[in-house]
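Good morning, and thank you for the time on today's agenda. I would ask you to keep the structure in view while I speak.

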Amino acid sequence: KYHIKEFGSSKNPTIIVIHGGPGGDLNYLLPLKNLAEDFHVVFYDQRGTGLSPRVKLEQLTIEQYIQDLDDIVETYNGKGKVSLIGHSWGGILAIDYIGRYPNKISHAVIAEPGMLNQSTAKIFIKELKSYQSFGDTLFFLKKMIQAPFVKSFDGHERFDFVMTEMLNRNKPGKPYQCEGKSLPPNLFVRGGFESFNQILKPVFDDPDSFKHEFAKNIKDFKEKILYMSSSCSFIGYDFQEKYHIPLMPKQTQHIKAPKMGHNFFTTHPEWSKEKILNFLND
């Protein structure tokens, strides 16, 4: 079971939106529902996060997340293909997915994935750690002290509370936003701590342990890809041009979100809508 939100007529072509994380939720990407005038837009909370049910830890794997995405695609593709929009971690999943199932996808929009192989995982983790501060540690410890006072029903609420507070801690500027800019408050409804803990934390602890090649088969994809990156994020346009665009098919169109940060879908929905609609309607 998944928590899903749909907008627009199901008679229109379907777009499936894949949120970031691991451990985020769909809520921060809801500004993309402005695409629903022309498309059937489907958002879903990934396994073990958001308002989707919590699951056993052994089910929180990359392979399971790819299988889950395929289940979503199969549910909504009818007799045709669907389009994907993947942001950050969602972009990583989308790249892996369309490399495996190129015939199920008509268009793909990829927004600023952080790592696609061991090489870029090392660079991503090193850069991200350089922005961590003593204040970040204090904030985390404060939330851990508060966590035991959170009422628990499924056994995950207390650590999910900490995860949600970390996601909603809107520090302005680097590493993800433009100087002096931050996200709106309380964008995330419920983070999935174990999703992050099982998939991404081991990479933080030891980047050499990261063996997955997300872009292994992406060049088999023959349809169009719109690749979007920001000017302010540390994994923005320059990072993507240097490390990830060379892995993409030659038909990939890479555009820059000027004077925007990592979450431009959230902060600049009209700009995002214009670029995405121009691409999908081409």
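I shall go through the sheet, the helices, the cores and then some individual residues. Please note at the outset that this is a predicted model.

Let me begin with the sheet. It is an open sheet of seven strands, in the order S1-S3-S2-S4-S5-S6-S7, and its pairing is mixed. Which strands stand at the edges? They are S1, residues 4-7, and S7, residues 253-257. Each of these has a single partner strand, so one side of each is left without a neighbour in the sheet. From one strand to the next, the twist averages 20°.

I turn now to strand S6, residues 224-230. S6 pairs with S7 in the parallel sense, over five bridges. Serine 230 stands opposite alanine 257 in S7, and the bridge partner of tyrosine 227 is histidine 254, also in S7. S6 also pairs with S5 in the parallel sense, over five bridges. There, alanine 108 is opposite isoleucine 225 of S6. Why is S6 described as largely enclosed by the rest of the structure? Six of its seven residues are buried, so the description follows from that count.

Helix H2, residues 89-100, lies across S2, S4, S5 and S6, and H2 runs at about 140° to S4.

Next, a pair of helices. Two packed helices are described by the angle between their axes and the distance between the axes. For H4, residues 134-146, and H5, residues 157-167, the angle is about 150° and the axes are 9 Å apart. H4 passes H5 in a right-handed crossing. On the H4 side, the residues that meet H5 are Phe139, Phe140, Lys143, Met144 and Gln146. On the H5 side, they are Phe159, Phe161, Val162, Glu165 and Met166. By class, this contact has seven nonpolar, one polar and two charged residues. The buried residues of H5 are Glu157, Asp160, Val162, Met163 and Thr164, and these pack against both H4 and H6.

The largest nonpolar core has 46 residues, of which Ile16, Leu84 and Ile98 touch the most other members. What does isoleucine 16 contact, leaving aside its neighbours within four places in sequence? Its contacts are Val42, Tyr44, Leu69, Ile72, Val73, Val82, Ser83, Leu84 and Ile85. A second, separate core of 30 residues includes Leu26, Val109, Phe188 and Ile255.

Beyond its neighbours within four places in sequence, phenylalanine 188 is in contact with Gly24, Asp25, Tyr28, Thr164, Leu167 and Asn168.

Valine 203, in helix H7, residues 201-205, is likewise buried, with a relative accessible area of 3%. Its contacts, again leaving aside neighbours within four places in sequence, are Met115, Ala121, Ile125, Ser209 and Phe210. Valine 203 and glutamine 118 are 85 residues apart along the chain, and their C-alpha atoms are separated by 9.4 Å.

I shall finish with the backbone. Where are the cis peptide bonds that I wish to point out? One joins glycine 21 and proline 22, with omega about -5°; proline 22 is found in the loop between S2 and S3. Another runs from lysine 174 to proline 175, with omega near 10°, and proline 175 lies in the loop between H5 and H6.

Lastly, consider two residues with positive phi. Glutamate 112 has a phi of about 55° although it is not a glycine, and lysine 259 likewise has a positive phi of about 55° without being a glycine. Are these residues buried or exposed? Glutamate 112, in the loop between S5 and helix H3, is buried, with a relative accessible area of 0%. Lysine 259, in the loop between S7 and helix H9, is exposed, with a relative accessible area of 75%.

Thank you for your attention.

Note on methods
Residues are numbered from 1 along each chain as its sequence is written. This is a predicted model: local features need pLDDT of at least 70, side-chain atom pairs count only at pLDDT 80 or more; totals for chains, interfaces and linings use all residues. Side-chain values use heavy atoms; hydrogens and water are left out. Axes are lines fitted to C-alpha atoms, for helices over the stretch in contact, and angles run from 0 to 180 degrees between N-to-C directions. Helices (H or I, at least four residues) and strands (E, at least two) are DSSP runs, numbered from the N terminus. A crossing is left-handed if the near helix is turned anticlockwise from the far one by less than a right angle, and right-handed if clockwise. Contact means heavy atoms within 4.5 Å. Ala, Val, Leu, Ile, Met, Phe, Trp, Tyr, Cys and Pro count as nonpolar, Asp, Glu, Lys and Arg as charged, and the others, Gly among them, as polar. Two strands pair if DSSP finds at least two bridges between them. A nonpolar core is a set of buried Ala, Val, Leu, Ile, Met, Phe, Trp, Tyr and Cys residues joined through side-chain atoms within 4.5 Å. Buried means under 20% relative accessible area, exposed over 50%, partly exposed in between (1.4 Å probe, protein chains only).
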